[in-house]
Structures are given as C-alpha cells and as structure tokens.
Amino acid sequence: MILRWLAILFLLCAGAACAAEPKLLEPEKAFVFSARLAGPDTIEVRYAIARGYYMYRDKFRFTLEPAALARGAPQLPPGKIKKDEFFGATEVYRDEVRITLPISRDGQPERAVLTAVSQGCADVGVCYVPVEQKTELRLASTGSAAGDSGFGDDALSRLFSAPRAAVPSTGPAPAQGDDTLIAQLFHGEAWLLIISFFGFGLLLSFTPCVLPMVPILSGIIVGRGHKLTRAHGLLLSGIYVLGMAITYALAGVAAGLSGALLSAALQNPWVLGAFAAVFVVLALSMFGFYELQLPAALQSRLAGASSQLHGGHFAGVFAMGVLSALIVGPCVAAPLAGALLYISQSGNAVLGGTALFAMALGMGVPLLAVGASAGAVLPKVGPWMETVKRFFGVMLLAVAIYLVSPVIPVAVQMLAWAALLILTAIHLRAIDPLPPAARGFVRFSKGVGVIALVAGIAFLVGALSGGRDVLQPLSGLRGSAAEPGAPAPGVAFQRVASLAELDAAIAAAAGKTVMLDFYADWCVSCKEMERYTFTDSGVQARLAGMVKIQADVTAGTAEHQELLRRFRLFGPPGIVFFDPAGREIQGLRVIGFQPADKFVAVLDQALGVR
Amino acid sequence: MAAAAGYFANLWRIGGLGPAQAPDAVTAILGSALTTLDGDPQTLAGFRGRVLIINYWATWCAPCREEIPLFVRLQREYGDKGVQFVGIAVDQADKVRDFAKEFQINYPLLIAGVEAVELSRQAGNKAGVLPYTLMLDRSGRIAASLVGGISEQRMRGELAPLL
C-alpha cells in the first residue's frame, strides 16, 4: 500500500532522471554542511546529501584557522564507485558523508574557523561550482568527554554556527518545504496516492474496527423494514459512507493545512524523530500491546446521539455516517493517525482531503456490500483480521524507519531494517516447521516470512560488514573488482617513471619494436585509447610483438616533465615508437585518440621499420 | 526515445523556463572580467553583434564534457554564419588547456571564478550550476537559457532562428 507506493517513488527518484524532481536545489541545500568537535583532537565534518545528488570524494578541501590546529590529512571514508565514460571510476558520496579532521590542541585556542570546499553534482546532469562553507567551532569546552555519535545532542560541543555558503543565493528562494525529503514524495502522481489510500481504506475495512459500523448500518437498513429494496439499501449505505468519507476528508484537509505549517520544520532531526516515535507508538497498538480509543465516556455519548437519529431521512443517514466516523475513527485510530500524519507532511490540503476521502470510500466498500445485499452479507470475523492489523503495524514501523533515515547513519538504518524484517519473519513463522497438512495460505505466509528473514539477515550482515548502501546491503562484501585504475585487458605495459628507467627499458628491448605511451588519469583520450583501441584484437595481435612501455605522468613530477620534454610533448596523450635499434621512428607519433583500424595501420608501419 | 525526451524536457523545466529578459544581466555578463588561458584579462564585449553562445563548464564536470564535441562541431559548421561559441570554464587554466587540446576546441575559452556563475543566475541559471548555456542573438538579447546538457536537436532548433 502506502509503503509500496513509497518504494516505487523512491526507486524512481533514485534513478537518473527523477521525473518528480521539481527543481535544482541550491548547493547549500543539496549538500548540507555541518561540523562539530567529535573528540579532544578530532573535528567531524558532516554533509547531508540530498537524494539524487552526489559529492566527489577527491574534491574536498579543508582549512583551519588558526592553521596550527591542522594535524594530518582528513580521513575520508571510501566512496561509491561512479562510472564515468571518460574518466573511468570516480569515488562519490551519496546520502551522507562524515569526514574526520585530526587536530592538534597544543596551543589550546578557544575558537577555530573551519573552511570547507566541496564539489558535487546532481543526477539530472548538472554540477555545482565549488562551494565554500565556513563554520566556527569552540574548542575550549571539551577537555574531557568525547562527543557522542549523534549530531546536536551534546550541548557543549554542538557549537556550529549556521553554515554560510560562499555562493550567496540571489535567485528567488525555493518554496518552503520543496526540498524536504518527505515533501519530494508528493511530487509524484497525485492519483497514485489517492488510489493507494483507497486500497489502504479497503484494507482497513477488514480490521475488526469497522465491524461496529455494520450493526449501525444494518440498524438503519433494518429500520426501514420490509419495504427496503436493494437499490434503496445501496443508496442508504452510499449516503452513510459519504457522510463518513466527508468527515475523513475534512480531517485530511486539516492535516494538509497543518502540514503546510510544519513542512518548514520537517528537515529537523527532532521533528522527524518525533514523527517516527508517533508511528512506533501507533504500530505497537496494532500489535495489540494496548488499545488506542477515544475516552469511553465521549464514545458512549456519541453512540447515544447516533441512536437518537432516525434513519429514515437521507440527512439523518448522512449525519449518522458523520457520527460513525467519529466513533469508529478512534477505533482505526492507529492507521488513521498514520495516514493523517503522512498527509500532513504533504502540506497540501486538497490532496490530503482527496486522499482521506478515497480512504474512507475504501473503508466503505464492505458497508456498501452490506447495504446492497440488504443486510444479508456480513464480513466474517476471524483471526485473519488480527493478521491485517499486524500487517499495518509492520507498515507503520517501516514508515517510522523511513522517516528518520535522512538523519541517522546508514548503518543504524540498515540495522533497523534488519530488525524489522527479522521480527516480521519470526511473526510469520519463518522458522517454525510447517505441519505436513499445511494449506496454501500457511505455506504462502511462511514463504513471505522466509524472504523477509533472508532480507533481514542480508541487512544485518551488510551493516556489520561495512556495507553502507540500503539498496545494496551486501555491497560491503563485494571484492575489489570495482576498484578504479584496472588496466585495460590484454595490454600489459611496463611502467617507467623517469628518463633513466625509460632508457634502460629501451636498451633492454633491443631487437624489438617499442611503443611508448604517455598516460595520465585526467587524459580523456588516453582512457579512450585504453578502452576502445587497445582492446581491439587486431591491435593486440600487433602489439604482441612489441615491447610496451607506459609513462604515467599523472603526478606531474619533475621527472615526468623531463620525460615529456625529451619528446617535446606538452603532455599526454602521446604514443611514440622506437625501432629495434632503439631510435625513435620519426613521423609516426600518435597524438590524441585513434580508432582501432587507423591505429592498426600505424602499428603495421612501426613494425615494418627495421 | 521517450525517456530521453522526458529527460531533456525535465532539464528544460528546471532551467526556469525560457529566455528571461534580463538586459542588465547580459550587460553585466558581457562586461565581466575574465582571463584567457594565458592569464590575460579579457571580456566578452568584443563578441557583440554575433550570435553568441556562452557555455559555462568545467573539466571536472562530466555532463559538461559530454557536450563539448557538439559545440566544436557546431562552431565549425556555423562559424561563418556569425555564430560564436565561447566557453567560460570555472576551472584551472592548465586543465582547460589540456582538455582543449585533446578535444580540439575551436572556439575561445576563458577562465572565470565562481562569481561568473553567480552572475549567470540573473540570466536564468537559478541554481548556479554547470553546464549552463546562454544564447544571445545578434542584438544581445537572451534567446535561450539552457541549464544542464543540451541535445544536438535542441541546440540546432535554438540556433536556426538566430542565423
């Protein structure tokens, strides 16, 4: 239901072209910077990265004022590998990155100013110019205790000022809440939400909570006596459901309106945390730990009022629907409150009203069936209704985890998913033996349980083995196959780093043709040669008879410069050939990318020189 | 196809829709101080009167790199019809020089700091991102303000009425 819908939208948005991406975030909102003193001699810098955005691992620059504070290089966690058509694998961060800066406290200055420069891009295909952000840290107060893991929970060390972007915003500010994670969910198709809520309501109608409505409705219908036709019964129950639906719709509008006020606060960890806590409380009630109800006195007064109304008039039936919503509302309180909270985060009153209206219609479907059958059909009570309730409980817990996911470390998030999935699995009797005579449904639910168990274990194993990707929990176990800089298949170069090494290599290759390839990581056509030309079988066949030497001049040291100067090259790309006597074959240099067919011709020429 | 169309439509949408008329922004952009790859000061004022296509980019920006070959081709094709591409790189001169050599960039490249991107916000680059391409007609009016990568078809479509 909601969650599946959430998941669908989430996946859409995680992809390259999120159709729901409303507009580009300002860089300081796409990459939210904060820093704090994490211990007596470390500063922790945190970037919260909006979904659909990423930061380059190798583009961070940190400077401290006073400079004497800096001690050693920043510790950057490994990033995720992003394939770049030209530059090969680059390491990037998504969601969140925490960088540790070692500091030296010898001088005991009271304050430090941290300047952080970072670079990032959005998946839609744009990049931001380097962003410089500054924050002031007070160092004096953390003599003993190291800060704890959460941000903002240590009043003494949580002293970062609001980050100030070096790039001030001159354009109009984006609409409030547009950039919140949750609000993004609502840029999808509204009808999808509405259909989801209808289904949600339909499911709700199978909880024991809706049962009290059936006698009320039956009472109305039976109260009409023997003259009731099916059409009339359907009409009456329709009006009844409408009354209920409009009541819920009003609640939805209210929730939407309150959400508009709330949305500004929705990126605050405390607010998200509070919402998540409410969802957990609601979930526990679905598991039957306690009942959430209106106070009994109020309920009985409303029930009394509804029995005073005469069922005959349409208006009376309508009013009864309204009252029933008020009575039964608290009975389905947990999921309803969940729905209302969820709606409130959209900040959209119209959508909220429509969604809740659809939900109430969904809830009313069995009631319409009761009416249409003139009271003959009633849903059967059974333990399966408890199962539906528990299902809601699991969903509410999942929403709770989802809500706090932007503000908790990925590892904690994965552990939470693991716990939820494993507990659900146990609930579904995933590891209880099946009785031999088990029926289809029992087997099916055990199957679902086993899937949940395995998924939960995957999250657990992933989290404990250093995997930090919720969508690929086991990625931490992956070998180093995706490491950058893997040599092109087939061409094994002998590396040289200086003139002396080169001369030695050429001398050693006496009697063979030599190919010298200048290479650098930043050189696009070198990469292209590697990928498209050197991998060609014709090229490889000809290269087999040559000595292949490569000078990797990425670092640009003085020795590299010397190498380039010898061949009067400005820089890579450059491929130079030597004849078997060790002399350069003049006029045969390859500068820039060359496709395999042309390069084969060059190689043939080189091999032809004796 | 549809996905690609949607993708570009999306980029078009996030670009803040269409040629905003901001003559002051154009004046400021044309007059702003840039440097050549050799470090000499230069502005864009000398390109007035041509169909000027100003591309903000950087070598580290993958989506920027991808469209450079298209610009090179279009410059070759339309150069004698009064079309002038200019690349403003928010980057280091040596990296830009290397890149220009490799891709045989046939139009002027100038170096700028982040303030150039700031200035481009007024012309329509609201979020201040790269790549951003600003097209001016011969009288210096903004003909197109394109955030993100541009398809060849779109680029040709924008150019055609300006020739």
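At what relative accessibility does B:Cys61 stand, and does B:Cys61 count as buried or exposed?

A: B:Cys61 has 0% relative accessibility and therefore counts as buried, where buried means under 20% relative accessible area, exposed means over 50%, and partly exposed lies in between (1.4 Å probe, protein chains only). The model is a predicted one, in which local features need pLDDT of at least 70 and side-chain atom pairs count only at pLDDT 80 or more, while totals for chains, interfaces and linings use all residues. Residues are numbered from 1 along each chain as its sequence is written, chains are lettered from A and ligands numbered from 1 in the order in which they are written, and side-chain values use heavy atoms, with hydrogens and water left out.

The partner of B:Cys61 is B:Cys64, to which a disulfide joins it with an S to S distance of 2.2 Å; the term stands for a pair of cysteine sulfur atoms within 2.5 Å. B:Cys64 is also at 0% relative accessibility and so counts as buried. Because the torsion about the S-S bond of B:Cys61 and B:Cys64 is about 75°, this disulfide is right-handed.

Over all chains, a search of the whole structure finds 2 disulfides, and one of them lies between A:Cys121 and A:Cys127, whose sulfur atoms are 2.2 Å apart. The torsion about the S-S bond of A:Cys121 and A:Cys127 is about 90°, so that disulfide is right-handed. A:Cys121 and A:Cys127 are both buried.

A:Phe31 belongs to strand S1 (residues 31–39) of chain A and A:Tyr53 to strand S3 (residues 53–56) of chain A, so the pair ties together parts that are 22 residues apart in sequence. Helices (H or I, at least four residues) and strands (E, at least two) are DSSP runs, numbered from the N terminus. Both A:Phe31 and A:Tyr53 are buried.

The pair in chain B is made by B:Phe85 and B:Tyr107, whose ring centres are 5.7 Å apart with the planes at 35°, so the pair is tilted. B:Phe85 lies in strand S4 (residues 83–89) of chain B, while B:Tyr107 lies in the loop between helix H4 (93–103) and strand S5 (109–111) of chain B, so this pair ties together parts that are 22 residues apart in sequence. B:Phe85 is buried, as is B:Tyr107.

In chain A, ring pairs also link A:Phe33, A:Tyr47, A:Phe60, A:Phe62 and A:Tyr93 into a cluster. One of these, A:Phe62, sits with A:Leu64 on the covered face of strand S4 (residues 61–65) of chain A, whereas A:Arg61, A:Thr63 and A:Glu65 make up the uncovered face. In a regular strand, the side chains alternate between the two faces of the sheet.

Note on methods: Rings of Phe, Tyr and Trp (its six-membered ring) pair if their centres lie within 6.5 Å; planes under 30 degrees apart count as stacked, over 60 as edge-to-face and the rest as tilted.
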